[in-house]
Amino acid sequence: MPDAIDRYVISRYSKLLHGNFDGMMRSPEREVFLRDLAEDAARITDEELAFLFDHGWRERITAAWLIGTDRRTAWRGRIRELLLESGMVFAGQGYCFALARFGTLADAEILVSYLDHYLARPELRYDQAWALAALHHIDADLTTAYTSRYLRPGGLWESWAAENSTDLAFQKWHFDLLCSHVQRAVHAVAVRR
């Protein structure tokens with residue numbers, strides 16, 4: 001199944017990393033990239049996704065974005081396991097994106113579990129900002145207030161952020177923008193079918 005890496009990962013992972021597709025592409029090129037992402041998200045098999053999750057961070061971040069784009073909630077358990085494990089650099093960005101795209105209370109609880117554990121460890125800089133932005137995204141959609149427990153004065157975010165330079169306002173804005181780009185592409189692909 002190495003062809004799954006060639007087909008889905010090689011030309012895509014660097015654009016998914018940090019949401020680079022937003023800043024590195026002009027609108028027409030970005031629209032083609034996102035259309036292809038949405039089409040591949042619907043096309044990739046569960047067997048191919050499992051294969052990608054068994055490899056490195058590039059394969060995992062790509063698999064998670066494909067899962068999130070197509071909202072394949074059957075993968076929630078595996079994404080939860082991988083996010084909480086935090087075993088590979090950068091892959092957690094994709095897991096956070098997928099959970100935000102699923103957008104349920106169950107997904108918020110996974111992000112809360114992650115943040116409770118990893119914000120308490122300010123010496124670790126993993127995907128805390130992505131997780132908080134994803135949780136904020138879910139809060140906005142569900143009109144919940146999960147993020148408030150982290151953002152209050154003296155909260156876990158404040159102590160973590162004191163040791164880790166992060167522009168949270170930008171992170172939340174950028175995360176919402178990435179989700180919006182993907183949703184427009186998914187809608188455009190669905191309309192064309």
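**Entry 1: a salt-bridge network**

I began with Asp3, Arg7 and Glu48, which a network of salt bridges links together. I counted a salt bridge where a side-chain nitrogen of Lys or Arg lies within 4 Å of a carboxyl oxygen of Asp or Glu. The structure has 13 salt bridges.

I noted that this is a predicted model, with local features needing pLDDT of at least 70 and side-chain atom pairs counting only at pLDDT 80 or more, while totals for chains, interfaces and linings use all residues. Residues are numbered from 1 along each chain as its sequence is written, and side-chain values use heavy atoms, without hydrogens and water.

**Entry 2: inside α1**

I looked up the pair aspartate 3 and arginine 7, whose side chains meet at 2.7 Å, N to O. Both sit in helix α1 (residues 2-9), four residues apart, about one turn of the helix. I took helices as DSSP runs (H or I, at least four residues), numbered from the N terminus. An α-helix has 3.6 residues a turn, so residues three or four places apart point the same way.

Next I checked accessibility. I used buried for under 20% relative accessible area, exposed for over 50%, and partly exposed for in between (1.4 Å probe, protein chains only). Aspartate 3 is partly exposed at 40%. Arginine 7 is partly exposed at 35%.

**Entry 3: a bridge across the chain**

I then found aspartate 46 and arginine 72 in a salt bridge at 3.1 Å, N to O. This pair links distant parts of the chain, 26 residues apart: aspartate 46 is in helix α5 (residues 46-53), and arginine 72 is in the loop between α6 (57-69) and α7 (76-85). Aspartate 46 is partly exposed at 43%. Arginine 72 is buried at 14%.

**Entry 4: helix α9**

I moved on to α9 (residues 105-118), which has 14 residues. Its first and last C-alpha atoms are 20 Å apart, close to the 20 Å expected at 1.5 Å a residue. The expected span is 1.5 Å times one less than the number of residues.

At the start of α9, a side-chain oxygen of threonine 104 comes to within 3.3 Å of the backbone nitrogen of alanine 106. The buried residues of α9 include Ile110, Leu111 and Tyr118. I listed what the buried residues of α9 pack against (contact: heavy atoms within 4.5 Å): α7, α8 (91-102), α10 (128-142), α11 (148-151) and α12 (156-163).

**Entry 5: helix α13**

Last, I checked α13 (residues 168-192). Its 25 residues should span 36 Å, and its end C-alpha atoms are 36 Å apart, which agrees. Among its buried residues are Leu168, Phe175 and Val189.

How values were computed. Helix = DSSP H or I, 4+ residues; strand = E, 2+ residues; numbered from the N terminus. Polar contact = N/O pair within 3.5 Å; in protein donor to acceptor, adjacent residues only side chain to side chain.
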